[in-house]
Every structure is written in structure tokens, then in C-alpha cells.
Amino acid sequence: MTQIVVTLEKDADSKLLRRMIENMKGVLKASVKREEKVEKGVTEDWIRKMRELSNSIDPSMIDMNDERTRYILR
């Protein structure tokens with residue numbers, strides 16, 4: 001089996017194009033899958049914020065004698 005992946009413009013009529021492709025000889029199945037594009041900068045910004053948060057924690061305030069804390073941090 002061979003598959004062809006096509007990326008459509010934002011305003012393209014995906015339903016019409018899918019029906020056209022399905023009606024072509026040799027096509028077994030056509031499906032439409034929408035993907036939300038995550039911007040690289042958004043992910044990097046989130047990672048940076050999480051690192052800042054972890055660096056702002058004062059380890060002297062953590063009770064390491066508590067077995068639940070030791071379990072979580074191991």
C-alpha cells in the first residue's frame with residue numbers, strides 16, 4: 001500500500017478535495033486529519049518558565065525527613 005500526504009492551505013475545502021480523491025480510480029480510502037501547529041517559541045518559553053520555577057525553590061524549606069517527600073523526590 002502507498003500513501004500520499006497532502007498539506008492544504010488554511011482556506012482549502014478539505015471535504016470537497018477528499019470526495020474528489022475518493023472518486024479516483026485506485027483509491028481505497030481518503031481521510032482528513034487536522035493538526036494544530038504549536039509554535040516553537042511557545043514551547044521554549046514554557047520550558048524556560050518551568051526552569052525558572054524550579055530554580056526559585058529553596059531546598060532548605062523541604063522536609064526531607066518526611067517519607068512522602070523522599071518518595072516524591074527520588
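These are my notebook entries on a predicted model.

**Ground rules.** I number residues from 1 along each chain as its sequence is written. Because the model is predicted, I take local features only at pLDDT of at least 70 and side-chain atom pairs only at pLDDT 80 or more, while totals for chains, interfaces and linings use all residues; side-chain values use heavy atoms, with hydrogens and water left out.

**Confidence.** I checked pLDDT (the predictor's confidence in each residue, from 0 to 100). The chain has a mean of 86, and 97% of its residues reach 70 or more. Confidence is highest in α1, at 92, and lowest in α2, at a mean of 86. Helices here are DSSP runs of H or I, at least four residues, numbered from the N terminus.

**Salt bridges.** My rule is a side-chain nitrogen of Lys or Arg within 4 Å of a carboxyl oxygen of Asp or Glu. That gives five salt bridges. Asp45, Arg48, Lys49 and Glu52 are linked in a network of them. I looked up two of the links at Asp45: Arg48 at 2.4 Å, N to O, and Lys49 at 3.5 Å between the closest N and O atoms. Arg48 sits three residues from Asp45 in helix α2, about one turn. Lys49 and Asp45 are separated by about one helical turn because they are four residues apart in α2.

For exposure I use relative accessible area (buried under 20%, exposed over 50%, partly exposed in between; 1.4 Å probe, protein chains only). Asp45 at 28% is partly exposed, and so are Arg48 at 40% and Lys49 at 44%.

Elsewhere, Arg68 pairs with Asp66 at 3.4 Å, N to O. Arg68 is exposed at 60%, whereas Asp66 is partly exposed at 22%.

**Thr69.** I found Thr69 in helix α3, residues 67–73. Thr69 counts as buried because its relative accessibility is 19%. Leaving aside neighbours within four places in sequence, Thr69 is in contact (heavy atoms within 4.5 Å) with Ile62, Asp63 and Met64.

**Ser31.** Ser31 is in the loop between α1 (14–22) and α2 (40–55). Its relative accessible area is 62%, so I log Ser31 as exposed. Ser31 and Glu52 are 21 residues apart in sequence and 42 Å apart in space, C-alpha to C-alpha.

How values were computed
Helix = DSSP H or I, 4+ residues; strand = E, 2+ residues; numbered from the N terminus.
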